[in-house]
Amino acid sequence: MSGTRSCGVCGHPAQAPFRAPQPEIAPDLDMRPGEPARSTLRDWIQICGSCGAAAPDVAALPAGALPVVRSDEYRLLSTEVLEETLPFRRWALVCERAGDPAQQAEALLQAAWAADDAAAMTEAAALRKTVADLWGGTTDIELGLRRLDVLRRAGLFDAAAAWAETMTKRRPDELARSIIAFQQARIAGRDIGRHLISSAVPPPAHAPHVSHGKRPAAATGFWSRLLRK
Ligand SMILES: [Zn+2]
């Protein structure tokens, strides 16, 4: 199986994409998964040993990525950005040039997490600002909640407060309202720290007597998946 995989850009043999272990702890409010998946971040992007192409699965890269990977802009990233963020920045550039801002934003947020892990706060904040800009027009409630966290953690408190108001006007459900209220309190306290989604939901959702049994009625679908831990 592994012998048949090759880089989509240059044809060099490629490994199977990394599969992160299932998280056992709740994710952060920006959806960074909990441990044990959390600390495998650096394995999420493959780098082709021949051409330097970066992607979660280099075998899935289109040949059209070739000019990007060969460009000066791509190459110069290695001298311009924090080393720990480089694979994610390269993958983000491939996504940007392919006209995929959604995937570009995810890649840049992962770069911000790598910067967090390296305690590079200025770089992390700058990356989050770009992610927030890329998500600026979203009407999706889940993405909107992640954007709220991204703005707050970038220290853009005025923009975060305004975005919280915008989201409140969209009549979010109870769980989303809880998360918005939690964020508003953090914004008021000028807190740029990371918090788990499980800290932001109403008390019954994470009280000890329900954590081993049934989940609260409000935590259905998307949210129940997030709150499982
Ligand atoms: Zn290659």
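Leaving aside neighbours within four places in sequence, which residues is Ile-192 in contact with? I looked them up: Arg-152, Arg-153, Gly-155 and Phe-157, where contact means heavy atoms within 4.5 Å.

Before going on, I noted that this is a predicted model, where local features need pLDDT of at least 70, side-chain atom pairs count only at pLDDT 80 or more, and totals for chains, interfaces and linings use all residues. Residues are numbered from 1 along each chain as its sequence is written, and side-chain values use heavy atoms, leaving out hydrogens and water.

**Around Ile-192**

I found Ile-192 in the loop between H8 and helix H9 (197-200); helices are DSSP runs of H or I with at least four residues, strands are runs of E with at least two, and both are numbered from the N terminus. At 38% relative accessibility, Ile-192 is partly exposed (buried is under 20% relative accessible area, exposed over 50%, partly exposed in between, with a 1.4 Å probe and protein chains only). I also checked Leu-156, which is 36 residues from Ile-192 in sequence and 9.2 Å away in space, C-alpha to C-alpha.

**Helix H8**

I read off the buried residues of H8, among them Leu-175, Ile-179 and Phe-182. Just after H8, I saw that Arg-190 has a positive phi of about 55°.

**The zinc ion**

Next I turned to the metal. Cys-7, Cys-10, Cys-48 and Cys-51 coordinate the zinc ion through their SG atoms at 2.3 Å. In sequence, I wrote the donor spacing as C-x2-C-x37-C-x2-C; donors are N, O and S atoms within 2.8 Å of the metal (3.2 Å for Na, K and Ca), and water is not among the atoms, so sites may look incomplete. Cys-10 is partly exposed at 31%, while Cys-48 is buried at 6%.
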